[in-house]
Amino acid sequence: MDLPDFGIPEQLASRMSMAEQYEYLRTKLTRRRALVSAGAFAGGGLLAGCSSPSGTVRRGSAPSPSVTGQVHGSVVTPFGRHLAFGADPKTQMRVSWQVPLAVRRPYLRVGTHPGQLSRKVGAEVRALHTPGVTGVRPALDQYYVHAALDGLRPGTTYYYGVGHDGFDPASPAHRSTVDSFRTAPANPEKFVFTAFGDQGVSSAALANDKVLLRQNPAFHLHAGDICYADGTGSGKKSDGFDPGYWDLFLKQTEPVAKSVPWMVTTGNHDMEAWYSPDGYGGQAARFSLPDSGFDPRTAPGVYSFTYGNVGVVALDANDVSYEIPANQGYSGGQQTKWLDRKLGELRSSAAVDFIVVFFHHCAYSTSAHASDGGVRAAWLPLFDKHQVDLVINGHNHVYERTDAVKKGAVGRAVPVGGSTDPTRDGIVYVTAGGGGKDLYGFPSGVKDSYEGHVGRHESVSSFHWTKSQDQQRETVEWSRVRYAGFSFLSVEAEAGTTPRLKVSALAESGGRIDHFEVRRGR
(Lines give C-alpha, C1' and ligand atoms only; values in the text may rest on other atoms or scores of the structure.)
Protein backbone atom coordinates (compact mmCIF):
# COMPACT_ATOMS: atom_id res chain seq x y z
CA MET A 1 0.00 0.00 0.00
CA ASP A 2 1.30 3.48 -0.83
CA LEU A 3 2.41 5.74 1.91
CA PRO A 4 0.13 8.67 2.79
CA ASP A 5 0.70 11.77 0.71
CA PHE A 6 2.48 14.01 3.17
CA GLY A 7 5.99 15.25 3.83
CA ILE A 8 7.85 14.69 7.06
CA PRO A 9 5.95 16.38 9.92
CA GLU A 10 8.09 19.15 11.39
CA GLN A 11 8.09 17.72 14.92
CA LEU A 12 9.07 14.28 13.65
CA ALA A 13 11.73 15.62 11.30
CA SER A 14 13.38 17.45 14.21
CA ARG A 15 14.10 14.08 15.82
CA MET A 16 15.40 12.40 12.65
CA SER A 17 18.89 12.38 11.17
CA MET A 18 19.44 13.44 7.57
CA ALA A 19 19.81 9.79 6.64
CA GLU A 20 16.48 8.99 8.25
CA GLN A 21 14.78 11.86 6.45
CA TYR A 22 16.27 10.75 3.16
CA GLU A 23 14.94 7.21 3.59
CA TYR A 24 11.53 8.44 4.69
CA LEU A 25 11.10 10.66 1.62
CA ARG A 26 12.71 8.23 -0.82
CA THR A 27 10.24 5.54 0.19
CA LYS A 28 7.30 7.90 -0.17
CA LEU A 29 8.30 9.21 -3.59
CA THR A 30 9.12 5.85 -5.16
CA ARG A 31 6.14 4.09 -3.53
CA ARG A 32 8.45 1.21 -2.60
CA ARG A 33 8.24 -0.42 0.78
CA ALA A 34 11.98 -0.56 1.39
CA LEU A 35 12.44 1.77 4.32
CA VAL A 36 15.56 0.92 6.33
CA SER A 37 15.14 1.21 10.08
CA ALA A 38 15.39 4.83 11.11
CA GLY A 39 16.86 3.88 14.45
CA ALA A 40 19.63 1.87 12.80
CA PHE A 41 21.03 4.99 11.13
CA ALA A 42 20.82 6.85 14.44
CA GLY A 43 22.95 4.16 16.07
CA GLY A 44 25.86 4.79 13.74
CA GLY A 45 25.49 1.82 11.38
CA LEU A 46 23.04 -0.45 9.61
CA LEU A 47 21.60 -3.39 11.46
CA ALA A 48 23.39 -6.61 10.73
CA GLY A 49 21.47 -9.48 9.16
CA CYS A 50 20.27 -12.30 11.38
CA SER A 51 20.31 -16.01 10.69
CA SER A 52 17.27 -16.78 12.85
CA PRO A 53 14.15 -18.33 11.25
CA SER A 54 11.71 -16.04 9.50
CA GLY A 55 9.45 -14.03 11.75
CA THR A 56 10.88 -15.01 15.12
CA VAL A 57 10.90 -13.20 18.43
CA ARG A 58 14.04 -13.89 20.44
CA ARG A 59 13.99 -13.03 24.13
CA GLY A 60 16.99 -12.41 26.35
CA SER A 61 19.76 -9.91 27.03
CA ALA A 62 22.62 -11.64 25.21
CA PRO A 63 23.25 -9.91 21.87
CA SER A 64 24.67 -11.48 18.75
CA PRO A 65 28.49 -11.18 18.72
CA SER A 66 28.44 -10.06 15.08
CA VAL A 67 26.27 -7.09 16.04
CA THR A 68 27.94 -6.00 19.27
CA GLY A 69 31.31 -5.91 17.60
CA GLN A 70 30.24 -3.04 15.36
CA VAL A 71 29.88 -0.15 17.80
CA HIS A 72 30.41 0.72 21.46
CA GLY A 73 27.32 1.06 23.66
CA SER A 74 28.02 4.75 24.19
CA VAL A 75 26.92 5.57 20.64
CA VAL A 76 23.69 3.56 20.80
CA THR A 77 20.90 5.85 21.98
CA PRO A 78 17.60 4.39 23.23
CA PHE A 79 14.43 5.79 21.67
CA GLY A 80 10.70 5.15 21.49
CA ARG A 81 10.02 4.96 25.23
CA HIS A 82 6.46 3.95 26.07
CA LEU A 83 4.78 3.04 29.34
CA ALA A 84 2.03 0.63 30.31
CA PHE A 85 0.49 -0.39 33.62
CA GLY A 86 1.00 -3.78 35.13
CA ALA A 87 -2.02 -5.61 36.52
CA ASP A 88 -2.17 -3.12 39.42
CA PRO A 89 -1.68 0.51 38.31
CA LYS A 90 -1.12 1.57 41.93
CA THR A 91 2.07 -0.49 42.32
CA GLN A 92 3.20 -1.67 38.86
CA MET A 93 4.54 0.03 35.76
CA ARG A 94 6.10 -1.45 32.62
CA VAL A 95 8.67 0.63 30.77
CA SER A 96 9.52 -0.25 27.17
CA TRP A 97 11.90 1.22 24.63
CA GLN A 98 13.86 0.44 21.49
CA VAL A 99 17.55 0.39 20.63
CA PRO A 100 18.82 0.53 17.04
CA LEU A 101 21.48 -2.13 17.69
CA ALA A 102 21.81 -4.98 20.13
CA VAL A 103 23.30 -3.81 23.45
CA ARG A 104 24.81 -5.43 26.53
CA ARG A 105 23.01 -5.55 29.86
CA PRO A 106 20.14 -3.07 29.30
CA TYR A 107 18.56 -1.65 32.45
CA LEU A 108 16.33 1.01 33.93
CA ARG A 109 17.17 3.45 36.71
CA VAL A 110 14.31 4.75 38.87
CA GLY A 111 13.82 6.92 41.93
CA THR A 112 11.56 9.55 43.47
CA HIS A 113 13.93 12.42 42.61
CA PRO A 114 15.42 13.09 39.16
CA GLY A 115 18.90 13.36 40.64
CA GLN A 116 18.67 10.18 42.70
CA LEU A 117 17.96 7.22 40.44
CA SER A 118 19.37 4.77 42.94
CA ARG A 119 17.27 1.71 42.06
CA LYS A 120 18.56 -0.24 39.07
CA VAL A 121 16.36 -2.84 37.37
CA GLY A 122 17.54 -5.25 34.71
CA ALA A 123 15.64 -5.28 31.41
CA GLU A 124 14.61 -7.94 28.89
CA VAL A 125 15.43 -7.71 25.18
CA ARG A 126 12.88 -9.00 22.70
CA ALA A 127 14.67 -9.14 19.37
CA LEU A 128 12.34 -9.21 16.38
CA HIS A 129 13.49 -10.44 12.97
CA THR A 130 11.53 -9.62 9.83
CA PRO A 131 12.62 -11.53 6.70
CA GLY A 132 13.29 -9.60 3.54
CA VAL A 133 11.30 -9.79 0.34
CA THR A 134 13.33 -9.52 -2.86
CA GLY A 135 12.68 -6.23 -4.63
CA VAL A 136 10.31 -5.03 -1.90
CA ARG A 137 12.11 -4.67 1.44
CA PRO A 138 15.36 -5.75 3.10
CA ALA A 139 15.45 -8.07 6.10
CA LEU A 140 15.38 -6.16 9.36
CA ASP A 141 16.23 -6.84 12.99
CA GLN A 142 14.65 -4.66 15.68
CA TYR A 143 15.45 -4.67 19.39
CA TYR A 144 12.73 -3.91 21.94
CA VAL A 145 13.61 -3.65 25.62
CA HIS A 146 11.28 -4.02 28.60
CA ALA A 147 11.65 -3.44 32.35
CA ALA A 148 9.06 -4.40 34.97
CA LEU A 149 8.65 -2.16 37.99
CA ASP A 150 6.79 -3.69 40.91
CA GLY A 151 6.37 -2.69 44.55
CA LEU A 152 5.83 0.99 43.72
CA ARG A 153 3.98 3.36 46.05
CA PRO A 154 0.45 4.48 45.05
CA GLY A 155 -0.06 8.09 44.00
CA THR A 156 3.68 8.71 43.67
CA THR A 157 5.72 10.42 40.97
CA TYR A 158 8.75 8.42 39.89
CA TYR A 159 11.64 9.48 37.70
CA TYR A 160 13.34 7.02 35.39
CA GLY A 161 15.99 6.66 32.74
CA VAL A 162 16.83 3.77 30.44
CA GLY A 163 20.30 2.60 29.50
CA HIS A 164 22.78 -0.20 28.88
CA ASP A 165 26.52 -0.80 29.10
CA GLY A 166 28.12 2.40 27.85
CA PHE A 167 24.97 4.53 28.21
CA ASP A 168 24.07 5.51 31.76
CA PRO A 169 21.00 7.80 32.04
CA ALA A 170 22.23 9.02 35.43
CA SER A 171 25.46 10.40 33.93
CA PRO A 172 25.65 14.17 33.23
CA ALA A 173 25.84 13.49 29.49
CA HIS A 174 22.48 11.68 29.43
CA ARG A 175 20.57 13.24 32.33
CA SER A 176 18.30 15.05 29.87
CA THR A 177 16.82 11.67 28.92
CA VAL A 178 15.34 11.19 32.40
CA ASP A 179 11.54 11.39 32.51
CA SER A 180 8.73 10.64 34.96
CA PHE A 181 5.43 8.86 35.52
CA ARG A 182 2.86 8.74 38.30
CA THR A 183 1.25 5.63 39.79
CA ALA A 184 -2.49 5.39 40.36
CA PRO A 185 -3.78 6.79 43.67
CA ALA A 186 -4.59 4.49 46.58
CA ASN A 187 -8.16 5.82 46.76
CA PRO A 188 -10.45 6.98 43.93
CA GLU A 189 -10.20 10.63 43.00
CA LYS A 190 -10.97 12.74 39.94
CA PHE A 191 -8.82 11.91 36.91
CA VAL A 192 -8.85 12.08 33.11
CA PHE A 193 -8.09 9.42 30.52
CA THR A 194 -8.03 9.74 26.75
CA ALA A 195 -8.75 7.36 23.87
CA PHE A 196 -8.57 6.95 20.11
CA GLY A 197 -7.80 4.35 17.46
CA ASP A 198 -6.23 4.26 14.00
CA GLN A 199 -3.19 6.44 14.58
CA GLY A 200 -0.35 5.74 12.15
CA VAL A 201 2.48 8.15 11.34
CA SER A 202 1.28 11.57 10.18
CA SER A 203 1.14 15.25 10.99
CA ALA A 204 -2.45 14.75 12.20
CA ALA A 205 -1.30 12.05 14.62
CA LEU A 206 1.31 14.45 15.99
CA ALA A 207 -1.28 17.19 16.37
CA ASN A 208 -3.66 14.86 18.21
CA ASP A 209 -0.86 13.75 20.56
CA LYS A 210 -0.01 17.35 21.34
CA VAL A 211 -3.60 18.26 22.26
CA LEU A 212 -4.01 14.98 24.12
CA LEU A 213 -0.99 15.65 26.32
CA ARG A 214 -2.52 18.98 27.38
CA GLN A 215 -5.40 17.06 28.98
CA ASN A 216 -2.88 15.64 31.50
CA PRO A 217 -4.34 12.13 31.18
CA ALA A 218 -3.65 9.41 33.74
CA PHE A 219 -3.52 6.94 30.84
CA HIS A 220 -4.46 6.60 27.18
CA LEU A 221 -6.50 3.84 25.52
CA HIS A 222 -5.48 2.99 21.95
CA ALA A 223 -8.25 1.01 20.23
CA GLY A 224 -6.03 -0.70 17.66
CA ASP A 225 -4.51 -0.13 14.21
CA ILE A 226 -1.55 1.35 15.99
CA CYS A 227 1.16 1.94 13.40
CA TYR A 228 0.05 0.64 9.98
CA ALA A 229 3.31 -1.12 9.26
CA ASP A 230 0.92 -3.65 7.73
CA GLY A 231 -0.80 -1.43 5.22
CA THR A 232 -3.35 -3.98 4.00
CA GLY A 233 -4.87 -5.22 7.26
CA SER A 234 -6.02 -8.66 6.13
CA GLY A 235 -3.74 -10.58 8.48
CA LYS A 236 -1.98 -12.40 5.64
CA LYS A 237 1.64 -12.69 4.52
CA SER A 238 0.56 -11.21 1.19
CA ASP A 239 -0.22 -7.92 2.96
CA GLY A 240 2.02 -4.94 2.22
CA PHE A 241 4.34 -4.65 5.22
CA ASP A 242 7.17 -2.37 6.30
CA PRO A 243 8.51 -2.98 9.85
CA GLY A 244 10.52 0.26 9.68
CA TYR A 245 7.26 2.15 10.25
CA TRP A 246 7.44 1.02 13.87
CA ASP A 247 10.69 2.96 14.36
CA LEU A 248 9.03 6.10 13.03
CA PHE A 249 5.89 5.51 15.05
CA LEU A 250 7.65 4.98 18.37
CA LYS A 251 9.72 8.12 17.81
CA GLN A 252 6.58 10.07 16.96
CA THR A 253 4.68 8.84 20.02
CA GLU A 254 7.51 9.04 22.56
CA PRO A 255 6.85 12.65 23.70
CA VAL A 256 3.51 11.55 25.19
CA ALA A 257 3.90 7.78 25.74
CA LYS A 258 7.09 8.23 27.81
CA SER A 259 4.99 9.71 30.63
CA VAL A 260 1.42 8.58 29.88
CA PRO A 261 0.75 4.81 29.97
CA TRP A 262 -0.14 3.87 26.39
CA MET A 263 -2.63 1.01 26.76
CA VAL A 264 -3.07 -0.58 23.33
CA THR A 265 -5.26 -3.32 21.97
CA THR A 266 -5.17 -5.13 18.64
CA GLY A 267 -6.66 -4.00 15.34
CA ASN A 268 -6.78 -5.76 12.00
CA HIS A 269 -3.69 -3.85 10.82
CA ASP A 270 -1.85 -5.19 13.89
CA MET A 271 -2.13 -8.81 12.70
CA GLU A 272 1.41 -9.02 11.31
CA ALA A 273 1.59 -12.50 9.81
CA TRP A 274 5.40 -12.71 9.72
CA TYR A 275 5.92 -13.28 13.43
CA SER A 276 3.57 -16.05 14.60
CA PRO A 277 0.62 -18.10 13.35
CA ASP A 278 -1.86 -15.49 14.58
CA GLY A 279 0.37 -12.53 13.70
CA TYR A 280 0.72 -11.21 17.24
CA GLY A 281 4.43 -11.84 17.78
CA GLY A 282 5.21 -8.29 16.72
CA GLN A 283 2.85 -6.71 19.24
CA ALA A 284 4.11 -9.04 21.97
CA ALA A 285 7.68 -7.93 21.23
CA ARG A 286 6.94 -4.20 21.25
CA PHE A 287 4.54 -3.84 24.19
CA SER A 288 4.33 -5.09 27.78
CA LEU A 289 0.71 -5.11 28.92
CA PRO A 290 -1.16 -6.39 31.98
CA ASP A 291 -1.42 -10.16 32.42
CA SER A 292 -4.96 -11.40 31.69
CA GLY A 293 -4.41 -15.10 32.17
CA PHE A 294 -3.94 -15.54 28.43
CA ASP A 295 -0.50 -16.17 26.97
CA PRO A 296 0.62 -12.60 26.11
CA ARG A 297 2.41 -13.93 23.03
CA THR A 298 -0.91 -15.09 21.55
CA ALA A 299 -3.37 -12.56 22.96
CA PRO A 300 -1.45 -9.38 23.85
CA GLY A 301 -4.49 -7.14 23.38
CA VAL A 302 -6.71 -8.87 25.95
CA TYR A 303 -6.42 -7.61 29.53
CA SER A 304 -8.04 -5.58 32.29
CA PHE A 305 -7.02 -3.08 34.94
CA THR A 306 -8.71 -0.82 37.46
CA TYR A 307 -7.73 2.82 37.92
CA GLY A 308 -9.57 4.74 40.61
CA ASN A 309 -13.27 3.91 40.31
CA VAL A 310 -13.06 2.78 36.66
CA GLY A 311 -12.55 -0.80 35.51
CA VAL A 312 -11.08 -0.99 32.00
CA VAL A 313 -11.31 -4.03 29.73
CA ALA A 314 -9.33 -4.40 26.50
CA LEU A 315 -10.51 -6.93 23.91
CA ASP A 316 -9.20 -8.35 20.64
CA ALA A 317 -12.10 -8.11 18.19
CA ASN A 318 -10.17 -9.99 15.48
CA ASP A 319 -11.31 -13.07 17.40
CA VAL A 320 -15.00 -12.45 16.67
CA SER A 321 -15.00 -10.26 13.54
CA TYR A 322 -17.18 -11.31 10.62
CA GLU A 323 -15.70 -8.66 8.32
CA ILE A 324 -12.03 -9.69 8.49
CA PRO A 325 -11.88 -13.40 9.35
CA ALA A 326 -8.10 -14.05 9.43
CA ASN A 327 -8.12 -14.70 13.21
CA GLN A 328 -11.80 -15.41 13.67
CA GLY A 329 -12.26 -17.93 16.49
CA TYR A 330 -8.55 -18.16 17.35
CA SER A 331 -9.26 -18.25 21.11
CA GLY A 332 -11.78 -21.06 20.78
CA GLY A 333 -14.33 -18.98 22.67
CA GLN A 334 -12.02 -18.50 25.66
CA GLN A 335 -11.83 -14.73 25.27
CA THR A 336 -15.63 -14.40 25.46
CA LYS A 337 -15.76 -16.66 28.53
CA TRP A 338 -13.01 -14.57 30.14
CA LEU A 339 -14.95 -11.41 29.29
CA ASP A 340 -18.08 -12.71 31.04
CA ARG A 341 -16.07 -13.54 34.18
CA LYS A 342 -14.15 -10.28 34.16
CA LEU A 343 -17.21 -8.08 33.70
CA GLY A 344 -18.90 -9.95 36.52
CA GLU A 345 -15.92 -9.39 38.83
CA LEU A 346 -15.78 -5.70 38.04
CA ARG A 347 -19.51 -5.14 38.41
CA SER A 348 -19.53 -6.90 41.80
CA SER A 349 -16.58 -4.86 43.10
CA ALA A 350 -17.53 -2.14 45.56
CA ALA A 351 -14.50 -0.13 44.39
CA VAL A 352 -15.68 0.07 40.76
CA ASP A 353 -18.36 2.54 39.70
CA PHE A 354 -17.85 2.38 35.94
CA ILE A 355 -16.80 -0.24 33.40
CA VAL A 356 -15.21 0.95 30.15
CA VAL A 357 -14.57 -1.57 27.36
CA PHE A 358 -12.43 -0.81 24.32
CA PHE A 359 -11.61 -2.78 21.19
CA HIS A 360 -11.11 -2.16 17.48
CA HIS A 361 -14.02 -3.27 15.27
CA CYS A 362 -17.22 -1.27 15.63
CA ALA A 363 -20.33 -2.53 17.33
CA TYR A 364 -22.31 0.45 16.00
CA SER A 365 -21.12 2.74 13.21
CA THR A 366 -22.38 3.97 9.85
CA SER A 367 -19.00 4.89 8.30
CA ALA A 368 -17.04 2.86 5.74
CA HIS A 369 -16.62 -0.45 7.62
CA ALA A 370 -20.01 0.04 9.33
CA SER A 371 -20.87 -2.41 12.14
CA ASP A 372 -19.48 -5.89 12.77
CA GLY A 373 -22.16 -8.51 13.33
CA GLY A 374 -19.63 -10.82 14.96
CA VAL A 375 -18.95 -8.28 17.70
CA ARG A 376 -22.66 -7.79 18.21
CA ALA A 377 -23.40 -11.52 18.43
CA ALA A 378 -20.54 -12.44 20.77
CA TRP A 379 -20.22 -9.52 23.15
CA LEU A 380 -23.21 -7.19 23.21
CA PRO A 381 -25.34 -9.59 25.29
CA LEU A 382 -22.55 -9.59 27.89
CA PHE A 383 -22.31 -5.80 27.84
CA ASP A 384 -26.05 -5.60 28.52
CA LYS A 385 -25.90 -8.33 31.17
CA HIS A 386 -23.20 -6.56 33.17
CA GLN A 387 -24.37 -3.00 32.42
CA VAL A 388 -21.16 -1.74 30.81
CA ASP A 389 -21.04 2.05 30.98
CA LEU A 390 -19.06 3.04 27.88
CA VAL A 391 -17.74 1.18 24.81
CA ILE A 392 -14.94 2.69 22.70
CA ASN A 393 -14.04 1.47 19.19
CA GLY A 394 -11.81 2.50 16.29
CA HIS A 395 -11.68 0.95 12.78
CA ASN A 396 -13.77 3.65 11.10
CA HIS A 397 -11.62 6.78 10.73
CA VAL A 398 -14.23 9.21 12.04
CA TYR A 399 -15.89 10.23 15.27
CA GLU A 400 -19.37 8.79 15.68
CA ARG A 401 -21.40 8.44 18.86
CA THR A 402 -24.65 6.61 19.48
CA ASP A 403 -27.58 7.32 21.71
CA ALA A 404 -27.89 4.91 24.63
CA VAL A 405 -28.49 1.52 22.97
CA LYS A 406 -30.45 -1.20 24.76
CA LYS A 407 -30.98 -4.61 23.15
CA GLY A 408 -30.15 -3.25 19.72
CA ALA A 409 -32.49 -0.25 19.79
CA VAL A 410 -32.38 3.27 21.17
CA GLY A 411 -33.06 3.11 24.90
CA ARG A 412 -32.67 6.85 25.41
CA ALA A 413 -31.77 9.75 23.15
CA VAL A 414 -28.51 11.37 24.28
CA PRO A 415 -28.03 14.65 22.43
CA VAL A 416 -24.86 16.74 22.72
CA GLY A 417 -24.68 17.78 26.38
CA GLY A 418 -27.11 15.07 27.47
CA SER A 419 -26.78 12.41 30.14
CA THR A 420 -27.60 8.73 30.44
CA ASP A 421 -27.91 6.04 33.09
CA PRO A 422 -26.76 2.59 31.86
CA THR A 423 -28.81 0.83 34.54
CA ARG A 424 -31.94 2.09 32.83
CA ASP A 425 -31.15 3.44 29.36
CA GLY A 426 -28.53 1.18 27.81
CA ILE A 427 -24.96 1.77 26.63
CA VAL A 428 -23.36 4.58 24.62
CA TYR A 429 -20.97 3.34 21.91
CA VAL A 430 -18.27 5.67 20.59
CA THR A 431 -16.25 5.25 17.41
CA ALA A 432 -13.06 7.23 18.05
CA GLY A 433 -11.14 6.32 14.90
CA GLY A 434 -9.80 9.78 14.08
CA GLY A 435 -6.40 9.22 15.70
CA GLY A 436 -4.34 10.31 12.69
CA LYS A 437 -4.77 7.93 9.74
CA ASP A 438 -6.47 9.10 6.52
CA LEU A 439 -10.09 9.98 7.25
CA TYR A 440 -13.29 8.28 6.09
CA GLY A 441 -16.74 9.77 5.68
CA PHE A 442 -20.37 8.84 6.19
CA PRO A 443 -22.96 7.41 3.77
CA SER A 444 -23.94 9.58 0.83
CA GLY A 445 -26.30 12.32 1.88
CA VAL A 446 -25.62 11.86 5.60
CA LYS A 447 -24.26 15.06 7.11
CA ASP A 448 -21.89 15.62 9.99
CA SER A 449 -23.69 16.62 13.19
CA TYR A 450 -21.61 17.72 16.16
CA GLU A 451 -21.38 20.37 18.87
CA GLY A 452 -21.87 23.79 17.32
CA HIS A 453 -23.10 22.19 14.07
CA VAL A 454 -26.00 20.00 15.20
CA GLY A 455 -28.35 19.04 12.40
CA ARG A 456 -31.81 17.54 12.48
CA HIS A 457 -31.71 13.98 13.80
CA GLU A 458 -32.39 11.50 11.01
CA SER A 459 -32.37 7.77 10.43
CA VAL A 460 -29.34 6.52 8.49
CA SER A 461 -29.17 3.75 5.91
CA SER A 462 -26.20 1.54 6.83
CA PHE A 463 -25.27 -2.15 7.12
CA HIS A 464 -23.64 -4.73 9.35
CA TRP A 465 -21.35 -7.62 8.41
CA THR A 466 -22.76 -11.13 8.56
CA LYS A 467 -20.99 -14.42 9.25
CA SER A 468 -20.93 -15.14 5.51
CA GLN A 469 -19.14 -11.78 5.00
CA ASP A 470 -22.19 -10.22 3.40
CA GLN A 471 -23.35 -6.68 4.09
CA GLN A 472 -26.81 -6.83 5.65
CA ARG A 473 -28.57 -3.53 5.08
CA GLU A 474 -30.19 -1.79 8.05
CA THR A 475 -31.78 1.57 8.77
CA VAL A 476 -30.59 2.89 12.11
CA GLU A 477 -31.84 5.54 14.52
CA TRP A 478 -28.93 5.39 16.98
CA SER A 479 -26.38 7.53 15.10
CA ARG A 480 -26.47 10.73 17.16
CA VAL A 481 -23.13 12.58 16.64
CA ARG A 482 -20.94 12.42 13.52
CA TYR A 483 -17.67 14.23 12.78
CA ALA A 484 -15.43 13.35 9.82
CA GLY A 485 -12.25 14.87 11.25
CA PHE A 486 -9.24 14.00 13.39
CA SER A 487 -10.23 13.77 17.03
CA PHE A 488 -9.99 11.84 20.30
CA LEU A 489 -11.94 11.19 23.49
CA SER A 490 -11.19 12.85 26.81
CA VAL A 491 -13.04 11.30 29.77
CA GLU A 492 -13.10 12.79 33.26
CA ALA A 493 -14.02 10.28 35.97
CA GLU A 494 -15.40 11.46 39.28
CA ALA A 495 -15.90 9.37 42.40
CA GLY A 496 -17.82 10.36 45.53
CA THR A 497 -21.51 10.43 46.36
CA THR A 498 -22.47 11.13 42.73
CA PRO A 499 -19.94 9.31 40.53
CA ARG A 500 -19.98 10.26 36.87
CA LEU A 501 -18.08 10.04 33.63
CA LYS A 502 -17.86 13.36 31.80
CA VAL A 503 -17.15 12.33 28.22
CA SER A 504 -15.86 14.88 25.70
CA ALA A 505 -14.59 14.57 22.15
CA LEU A 506 -11.93 17.03 21.03
CA ALA A 507 -10.77 17.86 17.52
CA GLU A 508 -7.05 18.06 16.73
CA SER A 509 -7.44 21.84 17.04
CA GLY A 510 -8.49 21.38 20.67
CA GLY A 511 -12.06 22.45 20.02
CA ARG A 512 -14.84 20.35 21.54
CA ILE A 513 -17.11 18.47 19.13
CA ASP A 514 -19.21 16.47 21.60
CA HIS A 515 -19.87 15.99 25.30
CA PHE A 516 -22.23 13.96 27.47
CA GLU A 517 -22.38 12.41 30.94
CA VAL A 518 -22.77 8.87 32.21
CA ARG A 519 -24.32 8.53 35.68
CA ARG A 520 -25.40 5.32 37.34
CA GLY A 521 -28.66 5.01 39.26
CA ARG A 522 -28.27 5.34 43.01
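Here is a friendly talk about aromatic rings in this predicted model.

Modeller: Residues are numbered from 1 along each chain as its sequence is written. The model is predicted, so local features need pLDDT of at least 70 and side-chain atom pairs pLDDT 80 or more, while totals for chains, interfaces and linings use all residues, and side-chain values use heavy atoms, without hydrogens and water.

Biologist: How many aromatic pairs does a search of the whole structure find?

Modeller: The search finds 24. Rings of Phe, Tyr and Trp (its six-membered ring) pair if their centres lie within 6.5 Å; planes under 30 degrees apart are stacked, over 60 edge-to-face, and the rest tilted.

Biologist: What makes Phe196 and Trp262 a pair, and which kind?

Modeller: Their ring centres are 6.2 Å apart and their planes stand at 80 degrees, so the pair is edge-to-face. Phe196 lies in strand 10 and Trp262 in strand 12, so the pair ties together parts 66 residues apart in sequence. Strands here are DSSP runs (E, at least two residues), numbered from the N terminus.

Biologist: Why is Phe196 called buried?

Modeller: Its relative accessible area is 0%, and buried means under 20% (1.4 Å probe, protein chains only). Trp262, at 1%, counts as buried too.

Biologist: Why is the pair of Tyr450 and Tyr483 called edge-to-face?

Modeller: The planes are at 75 degrees, with the centres 4.8 Å apart, so the pair is edge-to-face. Tyr450 sits in the loop between strand 21 and strand 22, and Tyr483 in strand 24, 33 residues apart. Both Tyr450 and Tyr483 are buried.

Notes: Helices (H or I, at least four residues) and strands (E, at least two) are DSSP runs, numbered from the N terminus. Buried means under 20% relative accessible area, exposed over 50%, partly exposed in between (1.4 Å probe, protein chains only).
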